[in-house]
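Let's take a walk through this model, helix by helix. Keep the 3D view open as you read.

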Amino acid sequence: MGGLPALSLDALTSVAYGPEAAVVALAVAGSSAMGAMLPLNITVALLLATLVLSYRQVIAAHPEGGGSYAVAKRQFGPRTSRLAAAGLVVDYVLTAAVSLATGAASLASAFPALTGHLLLTATGALVLLTAVNLRGLADSARLLMPLTVLFIALVLAVIALGVAHPAPAAEAGGRPTVATTQGLGLVLLLKAFASGCTAISGVEAIANGVPAFREPRVRTAQRTQLLLGALLTVMLIGIGYLLARDRIVPRADVTVLAQLTAHSLGTGWPYYAANLTVALLLAAAANTSFGALPLLLSLLAKDNQLPHVFALRSARPVHRVGVLALAALTALLLAATGAVTDRLIPLFALGIFIGFTISQLGMVRHWLRTRPPRWRRLAALNATGCTLTLTATAVLVVFKFTAGAWAVVVVVPLLMLLLARVERYYAAVALATGIGRLPPRPIPGRGLVVVPVGELSTVTAAVLARALTLGGTVVAVTVHSGESATTTLARQWELWAPDVPLELLPSPHHTLLTPIVQYIQQATAEGHHVTVLIPEKLPRRHLERLLQGRRSALLAALLRRRTNAVVSTVTYHLDPTTARTKGPEP
């Protein structure tokens with residue numbers, strides 16, 4: 001059950017904007033066209049059922065997660081898998097943006113003072129959701145569970161009471177916002193179907209996020225997938241029936257779902273409670289993207305198609321880089337559109353339907369190759385789903401292209417190119433470093449440990465002691481530019497006699513770092529295996545650290561970039577108030 005708020009809020013809350021998008025499309029044919037909403041929602045529900053059954057099979061076949069990306073990678077190879085991955089990345093970012101924008105708009109419907117602050121409201125919700133997900137997916141699911149149960153209960157109550165009482169309890173909203181301009185025909189029905197298909201986006205998130213479930217992962221994920229399908233089917237058909245019966249049309253200052261809520265619950269406190277719940281859960285529906293996209297980015301990183309930093313997990317465990325990347329992209333999209341839902345909806349769902357189609361076709365190929373018991377029935381199910389989703393994809397492209405779907409058509413190939421370039425880079429690195437081949441046997445060389453010094457102190461003594469434990473020849477170096485301080489250091493060194501030679505490096509241009517780099521380069525060229533130990537003082541207080549120069553860090557960065565030496569910074573934790581120096585930490 002915990003998988004619903006973690007990975008399925010997008011699919012559940014899509015009943016708030018999917019049917020409404022279809023109603024807006026049909027409204028140009030007048031209120032009489034609303035009779036088509038029931039068969040249209042039944043068609044969408046049948047497509048949903050096919051996808052749910054298919055993704056139960058995907059979960060069993062690919063328990064490592066990845067959904068359509070995992071299917072495409074195994075069945076079709078890297079190019080098709082990149083298409084699936086790019087489509088999913090685009091759709092998950094859009095899912096987060098649409099959910100937050102719609103939630104902000106719904107909240108503004110209940111509290112009109114927020115109407116002029118949609119971007120600020122959506123961004124605030126994004127920051128809160130990011131913080132929750134950085135704590136871990138289980139924590140976010142636990143926090144959102146009560147709200148999810150309340151939302152489901154309210155929608156089901158609206159449907160049950162609406163069916164039981166045909167006469168509306170109350171009306172809500174202003175005048176109709178869409179004028180009647182044409183009759184109902186096949187083209188209009190296809191356009192409404194394309195808009196209504198947004199109600200099943202997010203269905204794949206459970207298959208993508210299988211690793212996030214507790215053991216037994218496969219069975220738990222499959223049960224969650226079935227529960228999601230059952231709930232969404234009941235809600236879609238129930239809402240479709242009420243919309244067709246009551247001839248609901250878009251009205252000013254109120255959503256379609258709010259009109260149904262007024263019909264069933266009246267306009268008292270239950271009406272406001274229901275709308276507030278819908279608004280909050282719509283904003284939280286972005287949690288689907290936060291649950292699934294970081295896992296997908298992790299899989300892509302493990303396949304060398306994204307930087308490996310996306311595969312890192314914290315102790316919770318959370319793919320924090322993926323969470324932060326999704327938050328940044330969503331914030332940019334919200335800022336670019338002003339958090340206006342109407343500007344985001346035309347981009348929505350195309351990417352996920354690309355993934356749906358590839359996943360269905362891949363499973364057909366899987367059954368044809370493996371031929372387990374009942375493979376013909378399974379292949380027929382997936383073939384039917386592939387035909388339906390391919391048709392839906394074509395309809396989405398045709399009827400939403402000029403409205404904004406062209407941007408997705410452009411961005412998906414660019415993402416595919418990015419994935420291919422990253423994979424090519426890692427392949428070149430593997431070739432250059434001999435990964436996958438037996439390297440030559442290591443040959444012992446002459447070890448040289450170099451310690452840059454600028455003064456004689458207990459810090460210098462401790463670093464030299466550490467250097468002597470490494471073996472090989474140890475030498476201290478200091479830059480000589482004719483200053484008296486250098487002469488004094490040389491005299492003190494001679495008196496100290498640490499059995500470690502001090503070499504004075506000339507610096508005619510009075511630079512401190514370049515002579516050391518050149519010395520290391522020359523030693524390496526002479527065949528030495530060079531290790532450099534750089535002392536670094538670290539005060540206890542953060543403000544005191546500003547008083548310490550960044551020379552050690554700059555030298556370390558310069559040596560790593562320009563030489564092949566092993567560079568280690570030996571850190572000393574200082575407490576000037578007690579005049580004590582803690583031991584070194586390399």
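Start where helix α9 (residues 186-196) packs against helix α18 (residues 375-433): the angle is about 105 degrees and the axes are 9 Å apart. Axes here are lines fitted to C-alpha atoms, for helices over the stretch in contact, and angles run from 0 to 180 degrees between N-to-C directions. Helices are DSSP runs (H or I, at least four residues), numbered from the N terminus. So α9 and α18 sit roughly perpendicular to each other, a label for angles of 65 to 115 degrees; under 35 is roughly parallel, over 145 roughly antiparallel, and the rest oblique.

Who touches whom? On the α9 side look for Val187, Leu190, Lys191, Phe193, Ala194 and Ser195, which meet Ala392, Val395, Leu396, Phe399 and Lys400 of α18 (contact means heavy atoms within 4.5 Å). Sorted by class, that's eight nonpolar, one polar and two charged residues. Ala, Val, Leu, Ile, Met, Phe, Trp, Tyr, Cys and Pro count as nonpolar, Asp, Glu, Lys and Arg as charged, and the others, Gly among them, as polar.

A word on what you're looking at: this is a predicted model, where local features need pLDDT of at least 70, side-chain atom pairs count only at pLDDT 80 or more, and totals for chains, interfaces and linings use all residues. Residues are numbered from 1 along each chain as its sequence is written, and side-chain values use heavy atoms, leaving out hydrogens and water.

Now find helix α4 (residues 37-61), which packs with helix α17 (residues 350-370) at about 60 degrees, their axes 10 Å apart. That angle makes α4 oblique to α17. Their contact includes Leu47 and Tyr55 of α4 and Phe356 and Trp367 of α17, and its residues split into nine nonpolar, six polar and no charged.

Helix α3 (residues 18-26) also packs with α4, at about 135 degrees with axes 11 Å apart, so α3 is oblique to α4. Here Pro19, Ala22, Val23 and Leu26 of α3 meet Met37, Leu40 and Asn41 of α4.

The whole structure has four salt bridges (a side-chain nitrogen of Lys or Arg within 4 Å of a carboxyl oxygen of Asp or Glu). One joins aspartate 303 to lysine 73, with the closest N and O atoms 2.9 Å apart. Aspartate 303 lies in the loop between α14 (287-302) and α15 (320-337) and lysine 73 in helix α5 (residues 68-75), so the pair ties together parts 230 residues apart in sequence.

Finally, confidence: mean pLDDT (the predictor's confidence in each residue, from 0 to 100) is 83 for the chain, and 91% of its residues reach 70 or more.

Conventions:
Helix = DSSP H or I, 4+ residues; strand = E, 2+ residues; numbered from the N terminus.
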